[in-house]
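Welcome to this short tour. Open your viewer, get ready to select some side chains, and follow along.

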Amino acid sequence: MGPAMRRLIAFACEGASLLGTLDEATGSTGILIVSGGNEPRMGAHRGMTMLAIRLAARGHPVFRYDRRGIGDSQGANGGWQSAAPDLAAAAAIFRAAAPQVTRLIGFGNCDAATTLALYGRAAGIDRVVLANPWLGKDEDALPPAAAIRRHYAQRLFSPATWWRLARGGIDRTRLRAGLVKLWRSPTPPLSDRVMRAIAGWGADASILLAEGDATAIGFQAATRRHRFATGYVATASHSFAGHPQAVDAAILSALA
């Protein structure tokens, strides 16, 4: 799949001009990739660009876009919380630009996964693959309580940990803050809302988690009362760096 098969498309969203990229293919199932955080449509280390190339080479048209205030798009950056109109506009222009598409799969990582879970149905998306869904920002700079719990569990039985503590090699202030957070560990208000949204997708939602990633660990801890179709990748990389096949497999499974 060469650059000649990639098309830049400008489209409107609430008075702003957004820019998207269509990797063309003839298939009737399209993949809409949503970037997380403040990343432009290329993704971390061009990961989303390379993903689009691989999927299009398999015959599936792929559309990526910059939401308002990010990358090549105009407007104010309101964060993922204000991204529902951008998602709906991107889905609509994707279908218009690739009229053979009859089914739309959404893929997103982190808060892009949360965007898809909450707003994807209203945007006309048929199925979603949600990677490391974001459940809300903690008020401190510490990882989620579940990630802290796993971190301590792995180290408390190590003699090297106690030796470092005795010699002052461990930040006691941060250790104390982590222990306090374990006791408090409030459920972020967003968490229940996201869980209900994912449950509402039923069999049309699947989850992909990086086993060692703090966001993924926090999500897994919050899903104890739920049964979601979940795949795991043995990595601590939030963007699944070095594991493109695992991401491909999760999306292609959703296409089946």
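**A tour of salt bridges**

Start by selecting D248 and R54: their side chains meet in a salt bridge, 2.7 Å from N to O. Because D248 belongs to helix α9 (residues 244-255) and R54 to helix α1, this pair ties together parts that lie 194 residues apart in sequence. Helices (H or I, at least four residues) and strands (E, at least two) are DSSP runs, numbered from the N terminus. A salt bridge here means a side-chain nitrogen of Lys or Arg within 4 Å of a carboxyl oxygen of Asp or Glu.

Before moving on, note that this is a predicted model, in which local features need pLDDT of at least 70 and side-chain atom pairs count only at pLDDT 80 or more, while totals for chains, interfaces and linings use all residues. Residues are numbered from 1 along each chain as its sequence is written, and side-chain values use heavy atoms, leaving out hydrogens and water.

Is D248 buried or exposed? With 12% relative accessibility, D248 counts as buried, whereas R54 is partly exposed at a relative accessible area of 27%. (Buried is under 20% relative accessible area, exposed over 50%, partly exposed in between, with a 1.4 Å probe and protein chains only.)

Next, select D72 and R41, whose side chains form a salt bridge of 3.0 Å, N to O. D72 sits in the loop between β4 (62-65) and α2 (84-97), and R41 in the loop between β3 (29-34) and α1 (47-57), 31 residues apart.

Finally, pick R6, D23 and R64, which are linked in a network of salt bridges.
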